[in-house]
Amino acid sequence: SRLEFQAEKLDLKTLVEELELIPAEALAIASGLISVDGRLGPGPAGADVAEFEFRLGELSFDSSDGTVAAAGLGLSGSARVAIGPGPPTLELSAAFEDGEALYTPVYLLFDELPPLAIQAEARIDGDGSVTVPSFSLSDGDSLALSGSATLAAGRLTGLSAELSRFALPLAFDRYLKAALESTGTAGLHPSGGFQGRLELRDGALTHVSAALEDFSLEDDQGRFLVDTLSGVIDYDAEGDSLDSRLDWNRIGYYALVIRAAGARFFAGGRQFRLLEPVFAPVLDGGMRIDELALTDIGLEGMSVDFQGEIEPISLELITRALDWPVLRGTLSGTIPRVRVRGGIGEVGGAIRLDVFDGEVVVDQVKLERLFGVLPTLAAEVEARGLDLKQMTGAFSFGEIEGRLDGSVRGLRLLNWEPVAFDLALATPEDYRGRRKISQRAVDNLSSLGGGAQVLSQTVLKFFEKFSYRRLGLRCRLLDNVCRMSGVAPAPQGYYIVEGAGLPRINIIGFSTVVDWPQLVRRLKAATQSGAPSVE
């Protein structure tokens, strides 16, 4: 009626193979020793009960797909198994103590961790599914996780888990650091902590909530910055969600930093919406979001509503923060109501941007397949009174003084690459200010029109700037071909720049039909190459 037994350092590999406990194609055990001190006898309600203490040592294994593996793993604990007359049950208490394990993408080196304790109860039901009425996972000072679960056919079908402690940076270094470094995001140093709750039903997420406590993140490479992020996020798939709120001191991407602000929002039932306008201070200005709402999130018919405004931000500060060529002037403007329905987006009005001391108006914007394959965008663009000195001063293209009007008719992008437009740029007819063009800009405009850079080979090389009466360029793109013209016809070509005063210089374009990729290469070469050689 009762049996006591002991086993010392049995070879686990041989034991598993002889008893065919695990299919070899699923998991290959390379080595392992198991010691057991157990008792087998009758239990309550006519069940047979086995109780034992065990020690697994030097355990090494890997799965056929390489996503699960262990080496030198040590595990000790106790277990209680009850069989019949009802469903078999298991009670387990164990701790990982040494070795290393991989459960992709999480990698754990237990030699450098405190014992990771596991407690669980499980029941095998008649249909082969497994019910786990309770489980817990803890390491004493950084992690505490508990809950219940159900599994069917080896798949997690139900889960109710509560993370009552995740103390940073200890928990991050122990459980997440290696996984993140494998994705190329090494050098992150978080602090603070959070608690959370997660629920799955029928394999689908039904509820998730998280409470962040002074969460901060520093990056050795200066890419990301989160300074004192606190608040509560609550999501329920049925829409029975509490209001969520996040507040922060600073959030940054490289040197572009959003200063202290906060947001209150609702997230539930595949919906997200701001509950009040948000103003995010950026550099010397900011971005105000008056409305942001998403519905049917994750579905093909997902829709988005957005409306906001950019309050004046220095372009010099933006470009310096992003390590771009330094531009002068300010960026501001209004973004009217943007609506996306079924992958098709429309803007209910014109987007107005104040930039380069002028105005750019983007109208009749329409997007298709925004969240799908080969997204398209169509729009009409008008530019008025742009300061050419601000535009060209940051590039090696050369400096041009004056103003510029322009338009882009019939703009169409496919997969964010231009496939059609009618671009026209020209000096405003009513502009009465200073009009000068540098030697570098003359040569580069000549190359865009198919001419040669010749100034450095003539007496004109001694003049740094030239006066002009008007300048302009037109490109009509269709079928990857740009049909080019200028401000007026010229012998065997067209005028890109009509000169004025002495010395007078005209820039004439000769290429009227240009391969679009070739024109893009010319423009890149003009803006990226160094200053012209003057001999």
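Glu4 and Arg2 form a salt bridge, with the closest N and O atoms 3.9 Å apart; the term denotes a side-chain nitrogen of Lys or Arg within 4 Å of a carboxyl oxygen of Asp or Glu. Before I continue, please note that this is a predicted model, in which local features need pLDDT of at least 70 and side-chain atom pairs count only at pLDDT 80 or more, while totals for chains, interfaces and linings use all residues. Residues are numbered from 1 along each chain as its sequence is written, and side-chain values use heavy atoms, with hydrogens and water left out.

Glu4 counts as exposed because its relative accessibility is 58%, and Arg2 counts as exposed at 56%. The scale I use calls a residue buried under 20% relative accessible area, exposed over 50% and partly exposed in between, with a 1.4 Å probe and protein chains only. How many salt bridges does the structure hold? The count is 34. Side chains of opposite charge can pair when their charged atoms come close.

Asp219 and Arg223 also meet through their side chains in a salt bridge, at 2.7 Å from N to O. Are these two residues buried or exposed? Asp219 is buried, since its relative accessibility is 10%, and Arg223 is likewise buried at 10%. Arg352 and Glu359 form another salt bridge, whose closest N and O atoms are 3.8 Å apart. Here Arg352 is partly exposed because its relative accessible area is 38%, and Glu359 is partly exposed at 22%. Elsewhere, salt bridges that share partners link Asp243, Arg245, Asp247, Arg264 and Glu276 in one network.

I turn now to the strands. Helices (H or I, at least four residues) and strands (E, at least two) are DSSP runs numbered from the N terminus, and two strands pair if DSSP finds at least two bridges between them. Strand β20, residues 285-295, pairs in the antiparallel sense with strand β18, residues 271-274, over three bridges. Within that pairing, Arg273 has Ala293 of β20 as its bridge partner. Strand β19, residues 278-282, also pairs antiparallel with β20, over five bridges, and Pro281 stands opposite Gly286. The hairpin of β19 and β20 has two residues between the strands, and Leu283 takes a positive phi near 50° there. Strand β21, residues 303-314, runs antiparallel to β20 and is joined to β20 by nine bridges; Leu294 stands opposite Val304 in β21.

Ser35 belongs to strand β2, residues 27-42, and is buried because its relative accessible area is 16%. Which backbone atom lies 2.9 Å from a polar atom of the Ser35 side chain? It is the backbone nitrogen of Lys9. Beyond its neighbours within four places in sequence, Ser35 is in contact (heavy atoms within 4.5 Å) with residues including Ala7, Glu53 and Arg55.

Next, the aromatic rings. Rings of Phe, Tyr and Trp (its six-membered ring) pair if their centres lie within 6.5 Å; planes under 30 degrees apart count as stacked, over 60 as edge-to-face and the rest as tilted. Phe96 is in strand β5, residues 89-103, whereas Phe110 is in the loop between β6 and β7, 14 residues apart. Both Phe96 and Phe110 are buried. Phe265 and Phe272 form a tilted pair, 5.2 Å centre to centre with 35° between the planes, and Phe265 is buried because its relative accessibility is 8%.

The structure also has one disulfide, defined as a pair of cysteine sulfur atoms within 2.5 Å. Cys475 and Cys482 form this bond, with their sulfur atoms 1.8 Å apart, and both cysteines are buried.

Finally, the backbone. Most residues other than glycine have a negative phi, and most peptide bonds are trans. Where are the cis bonds that I wish to show? One runs from Thr104 to Pro105, with omega near 5°, and Pro105 is in the loop between β5 and β6. Another runs from Leu168 to Pro169, also with omega near 5°; Pro169 lies in the loop between β10 and α2. Asn415 has a positive phi near 55° and sits in the loop between β28 and β29. Asn480 has a positive phi of about 65°, in the loop between β31 and β32, and counts as partly exposed because its relative accessibility is 39%.

Conventions:
A polar contact is a pair of N or O atoms within 3.5 Å; within protein, one must be able to donate a hydrogen and the other to accept it, and residues adjacent in sequence count only if both atoms are side-chain atoms.
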